[in-house]
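Try each task yourself before reading its solution.

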Amino acid sequence: MKKNLMYEGKGKALYSTDNAGELIQVFKDDATAFDGKKHDVIAGKGQLNCAISTFFFEKLHAANIQTHFIKRESQTEMRIHQLTMMPVEVVIRNIAAGSICRRLGLEEGKILDRPLAELFYKDDALGDPMINTEHCELFGWATADDVRLMRTIAMEVNRVMSQLLEDVGIHLVDFKLEFGKLNDAIVLGDEISPDGCRLWDVETGKKLDKDVFRRDLGGLSEVYHEVATRLGIPI
């Protein structure tokens, strides 16, 4: 059972448990965009994100990728290993969309010749600026070996997730991953849901992710439910 609130973010909250080194991660119904400037509460969103994240974490475990996931506790709760989180996130891009188009003048929808890994410093107040390995080393955020391992894990996650999604007619356009350390091992943390991924229908290009909320394109819970249904995830 969860005990004391340890952290609350825009989309999730973390609680301590009776088991040392284990936390309960609660998925909230809050939807935010533009570093929290846009906010709404969408019924059922937390349950959908918990279910989808559970599905992907279980598939990654089957592929021998270590994550913080232990088990799903309830419709909106997940038991996880407590990690020492790293302030660097990895974004994998398969198709140009979002910030890379604005930065580099690329046309949205351009298929990249190979997956691209980018690093960002996790700080909402600064807008999560893009960084490189030298920044990570100089400011003590991660070593060069840490960065290499995070990139390697992220590319393997991309391989597994892309195949799962392509099999049900969805392009994995891009997604972000957060990492932490469990003892001395770098482990995938946070969540893997449409909140942190861009997902497009293969045939129509329909957006099945949080861009629906960002751009006022329809009901967020409806498209998240479509993703879950296509993947065969019970809600």
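**Exercise 1. The fold as a whole**

How many helices and strands does the protein have?

*Solution.* Begin with the ground rules. This is a predicted model, in which local features need pLDDT of at least 70 and side-chain atom pairs count only at pLDDT 80 or more, while totals for chains, interfaces and linings use all residues. Residues are numbered from 1 along each chain as its sequence is written, and side-chain values use heavy atoms, leaving out hydrogens and water.

Step 1: count the elements. There are six helices and 13 strands, taken as DSSP runs (helices H or I, at least four residues; strands E, at least two) and numbered from the N terminus.

Step 2: check the dimensions. The C-alpha trace spans about 50 × 45 × 35 Å along its principal axes.

Step 3: look at burial. Of the 235 residues, 51% count as buried (buried is under 20% relative accessible area, exposed over 50%, partly exposed in between; 1.4 Å probe, protein chains only).

Step 4: turn to contacts (heavy atoms within 4.5 Å). Among those with a separation of 6 or more, 55% come from residues 24 or more positions apart.

**Exercise 2. Salt bridges across the sequence**

Find the partner of Glu191 in a salt bridge, then that of Arg79.

*Solution.* A salt bridge needs a side-chain nitrogen of Lys or Arg within 4 Å of a carboxyl oxygen of Asp or Glu; the whole structure holds 28 of them.

Step 1: take Glu191. Its partner is Lys12, with the closest N and O atoms 2.7 Å apart. Glu191 sits in the loop between β12 (185-188) and β13 (197-201), and Lys12 in strand β2 (residues 12-16), so that this pair links distant parts of the chain, 179 residues apart. Both Glu191 and Lys12 are buried.

Step 2: take Arg79. Its side chain meets that of Glu22 at 2.9 Å, N to O. Because Arg79 lies in strand β7 (residues 77-81) and Glu22 in strand β3 (residues 22-27), the pair ties together parts that are 57 residues apart in sequence. Both Arg79 and Glu22 are buried.

**Exercise 3. A network and its members**

Is Asp211 buried or exposed? Describe its salt bridge with Arg215.

*Solution.* Step 1: Asp211 has 2% relative accessibility and therefore counts as buried. Arg215 is partly exposed, with a relative accessible area of 37%.

Step 1: their closest N and O atoms are 4.0 Å apart.

Step 2: widen the view. Asp211 and Arg215 belong to a network of salt bridges whose members include Arg93, Glu118, Asp174 and Arg198.

**Exercise 4. A buried charge without a bridge**

Which side chain of opposite charge is nearest to Asp30?

*Solution.* Step 1: locate Asp30 in strand β4 (residues 30-33).

Step 1: Asp30 is buried yet has no salt bridge, and the nearest side chain of opposite charge, Lys28, is 4.3 Å away. For charges, Lys and Arg count as positive and Asp and Glu as negative, with His and the chain ends not counted.

Step 2: list the surroundings. Leaving aside neighbours within four places in sequence, Asp30 is in contact with Lys10, His39, Asp40, Val41 and Lys45.
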